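Reader: I would like to learn how to read a few structural features from a model. Please give the general idea each time, then the case at hand.

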Amino acid sequence: MLPALIHIAKKEIRIALRERLIVFLGLIIVVLLGVALYAGYVSYKQQKETIAQTRSEKRQEWLHQGDKHPHIAAHYGTFAFKPKTVLSLFDFGLDAYTGTSVYLEAHYQHEFMFRPAQDHSSMIRFGELSAALVLQILLPLLIIFLAFASFTRERESGTLKLLISQGMSFHTLAWGKILAYSLMLSVILVFFLLSIGLLYGMGVTSEAIPDTAVRVLLLLLLYSIYLFLFIALAVWVSIHSSKSRNALLTLLTCWIFFTILMPKALANLSENIYTLPSMREFKAQIEADKRHGPEGTTPLSVQKANLEKEYLKKYKVDSVQQLPLNFEGVSMQAGEEFGNQVYDHHLGRLRKLFHQQNRMSSIASLFNPYLAVRHLSMALSGTDMYTSIHFEEKVENYRRELIRKMNKDMAENSEYGKFYGYKAGNDLWQQIDDFSYRTPMARELLGHYHLELISLLLWSVLLITLLTYANRKIKPLHG
């Protein structure tokens with residue numbers, strides 16, 4: 001069987017090489033992949049340098065802000081920057097929408113700034129040219145033109161009946177063709193792997209991703225499976241089609257549905273079902289609850305009054321002036337924690353909507369392998385929703401710890417009622433470590449994408465089963 005497979009594969013490769021259109025399309029895709037990787041590299045390098053420089057400047061501003069009251073320093077604040085992950089040059093994912101920096105200060109959770117999508121038209125929703133887009137959308141199109149006539153050409157020329165009469169099985173014929181197309185397309189994946197290796201040689205690294213090598217290998221495996229699915233689908237459709245044009249029309253319809261129509265329709269549907277509030281509405285709700293307290297909770301004024309009574313009882317004194325610490329610092333920290341609770345409440349509701357939208361897309365990926373690969377590719381590249389949420393949580397924890405230390409120093413070292421009488425200095429500023437970030441490990445991220453992994457497994461089993469069934473049942477129609 002193996003010699004026959006190799007013979008069929010060689011024959012298919014020779015035929016493909018003789019068809020200049022296929023070779024031309026393949027070269028175009030390789031060029032586009034190279035251009036996309038280079039453009040991603042340029043963008044990555046520029047953003048990384050800009051972020052590193054600005055981060056250093058803001059760190060020095062924090063350390064050299066001079067002597068001032070800790071609470072004034074808490075409002076003076078600083079910035080946190082989202083590091084550009086090395087694999088984001090391959091798959092941009094949500095980076096265009098999530099912003100690159102955020103201002104950190106007391107009482108407020110500011111939104112992320114400098115979203116690249118803000119500088120683009122609405123056409124950015126159709127995707128930017130990235131290496132991932134080339135592999136996810138354009139390469140399947142090449143597979144269609146390469147394999148749509150894999151069996152119909154044999155029927156139309158009369159060679160299929162001849163091959164079957166000589167003892168060649170449909171099983172060997174089909175898998176020989178699949179092997180040929182896989183070998184031809186592996187050249188493009190090897191080009192991708194060599195390009196990533198070249199970028200490593202040029203010093204493109206990122207401390208933000210601790211397991212880059214593992215992610216690259218998983219991306220290679222992911223796209224190998226994805227391309228196999230399209231090859232198997234193209235061969236199966238060709239087996240069941242009486243004419244080449246019918247096979248081509250069927251496959252192009254599938255490609256348009258999988259990569260264009262279904263994703264856009266699903267995005268619109270999820271937005272209509274799980275409608276997100278505007279940024280203005282979101283902030284207005286938070287500010288209203290900060291003033292009056294969320295429904296079912298004790299208002300802040302009452303909480304502060306109870307806290308004062310608790311401290312007076314604890315230290316057995318009659319007034320806050322007699323306390324061995326500045327109660328203003330304690331009160332400000334209580335207000336900060338109350339505001340954090342309000343923010344967490346509304347952010348939790350907002351993220352629930354995000355997760356519900358994402359859940360719809362994950363369920364839909366069971367019927368569309370393109371969606372499964374798109375989600376998994378973003379996850380492995382560190383540009384997906386869960387990585388973004390993980391970063392936001394780390395930033396917010398950093399902000400809260402910064403404010404807590406400022407209020408703690410105020411409570412321990414200043415006097416009640418003498419706000420401007422105390423000034424902290426560089427020793428306190430040094431206690432705030434510079435913000436740094438590392439993404440979750442790949443295995444942790446993939447835990448959020450069970451349905452996508454199941455989708456690829458089910459599609460693989462389904463197409464292999466369909467090919468096996470077709471190999472047993474289909475007979476040459478004419479010739």
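Reader: Is Tyr41 buried or exposed?

Author: Buried means under 20% relative accessible area, exposed over 50%, and partly exposed in between (1.4 Å probe, protein chains only). Tyr41 has 12% relative accessibility, so Tyr41 counts as buried. Tyr38, at 56%, counts as exposed. One caution on the source: this is a predicted model, in which local features need pLDDT of at least 70 and side-chain atom pairs count only at pLDDT 80 or more, while totals for chains, interfaces and linings use all residues. Residues are numbered from 1 along each chain as its sequence is written, and side-chain values use heavy atoms, with hydrogens and water left out.

Reader: Where do Tyr38 and Tyr41 lie relative to one another in helix α2?

Author: Helices (H or I, at least four residues) and strands (E, at least two) are DSSP runs, numbered from the N terminus. Tyr38 and Tyr41 are three residues apart in helix α2 (residues 20-63), so about one helical turn separates them.

Reader: What are the distance and angle between the rings of Tyr38 and Tyr41?

Author: A pair of aromatic rings is described by the distance of the centres and the angle of the planes. Rings of Phe, Tyr and Trp (its six-membered ring) pair if their centres lie within 6.5 Å; planes under 30 degrees apart count as stacked, over 60 as edge-to-face and the rest as tilted. For Tyr38 and Tyr41 the centres are 6.3 Å apart and the planes are at 40°, so the pair is tilted. The whole structure holds 16 aromatic pairs. Phe391, Tyr398, Phe435 and Tyr437 form one aromatic cluster.

Reader: Which lysine lies over the face of Tyr76?

Author: A charge sits over a ring if NZ of Lys or CZ of Arg is within 6 Å of the ring centre and within 35 degrees of the ring normal. Lys68 is placed this way over Tyr76, at 4.0 Å from the ring centre. The charged end of Lys314 sits over the ring of Tyr311, 5.8 Å from its centre.

Reader: At what angle do the axes of helix α9 and helix α10 cross?

Author: Axes are lines fitted to C-alpha atoms, for helices over the stretch in contact, and angles run from 0 to 180 degrees between N-to-C directions. The axes of α9 (residues 212-240) and α10 (residues 244-273) cross at roughly 145° and come within 9 Å. Leu233, Ala234, Val237 and Ser238 of α9 make the contact (heavy atoms within 4.5 Å) with Ala247, Thr250, Leu251 and Phe258 of α10.

Reader: What else does α9 hold, for instance where does Phe230 lie?

Author: Phe230 lies in helix α9 and is buried, with a relative accessible area of 6%. Leaving out residues up to four places away in sequence, Phe230 touches Pro140 and Ile143.
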